[in-house]
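I opened the model to look up its core, its strand pairing and its surface. The entries follow in the order I made them.

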Amino acid sequence: MTEKATALPRARTVVHPGPYGPVRIAHMHADKGRHFRLSLPAGRTLHDSLVQALAAEDVASASMTLIDGELEHLSFCTALPDPAGRVLATYGAPEALRGARLIFGNATMGRRADGGPIVHCHGVFREVDGRVRGGHILAERTLVGRSAVTVVVTALDSFELRVAYDEETRMPLMRPQARAEAHG
């Protein structure tokens, strides 16, 4: 077994500029979970639609899969190497499209350091001319179009995701932590 493992090509290694953190992936266990589907209506931002729909379900933190839908306005950016070397990658300048078809996406909702809701979203979409692209979707600037965006939600009821500065990546990241208050 060991001989086979050493014969395989070496996996790519990402080395962040900050001090090495022994726990790279923080995780928590949930005793139960809820899964449900949303249909985001036209005319609201992706951020507001998700935050309001999840608040109605008493959900503060969630993992979501976005499946199909029209985006009347899409704002997104892609990752670029940081020329200053302070972090491994940084976001490029935002790009804006008038009309796009969301093909697939993943989003996570949690809390900013000040307690407000935050939605982090990546997706793949088709532009009006048929070109397929992807990137970090700026949910607060992206407007849902006439064809609803379908979202499959996994509610994280047993814990919450909260943004905190990460020494190793030198970036703010969402990490799981015990809920500050009981969930009704």
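I counted a contact wherever heavy atoms lie within 4.5 Å. This is a predicted model, so I kept the limits that go with it: local features need pLDDT of at least 70, side-chain atom pairs count only at pLDDT 80 or more, and totals for chains, interfaces and linings use all residues. Residues are numbered from 1 along each chain as its sequence is written, and side-chain values use heavy atoms, with hydrogens and water left out.

I started from Leu46 and left out residues up to four places away in sequence; Leu46 touches Leu40, Leu66, Cys121, Ile137, Ala139, Thr142 and Val144. I then looked up the largest nonpolar core, where a core is a set of buried Ala, Val, Leu, Ile, Met, Phe, Trp, Tyr and Cys residues joined through side-chain atoms within 4.5 Å; buried means under 20% relative accessible area, exposed over 50%, and partly exposed in between, with a 1.4 Å probe and protein chains only. This core has 29 residues, and Leu46, Leu54, Met64, Leu66 and Val151 touch the most other members. Two or more residues each come from strand 1 (34–40), helix 2 (46–56), strand 2 (62–77), strand 5, strand 6 and strand 9 (149–155). Strand 2 gives the most, six residues. I took helices (H or I, at least four residues) and strands (E, at least two) as DSSP runs, numbered from the N terminus.

Entry on strand pairing. I called two strands paired if DSSP finds at least two bridges between them. Strand 5 (residues 95–111) and strand 6 (residues 117–127) run antiparallel and are joined by 11 bridges, with Asn106 opposite His122. Five residues lie between these two strands in a hairpin, and Gly115 in the turn has a positive phi of about 95°. I followed strand 6 on to strand 7, where six bridges make an antiparallel pair and Cys121 stands opposite Ile137. That hairpin has four residues between its strands, and Gly130 in the turn has a positive phi of about 95°.

I also checked strand 10 (residues 159–166) and strand 11 (residues 171–178), which are antiparallel with eight bridges. Glu160 stands opposite Gln177, and Arg170, in the turn of this hairpin, has a positive phi of about 60°.

Val132 is in strand 7 (residues 132–137), and I found Val132 partly exposed at a relative accessible area of 49%.
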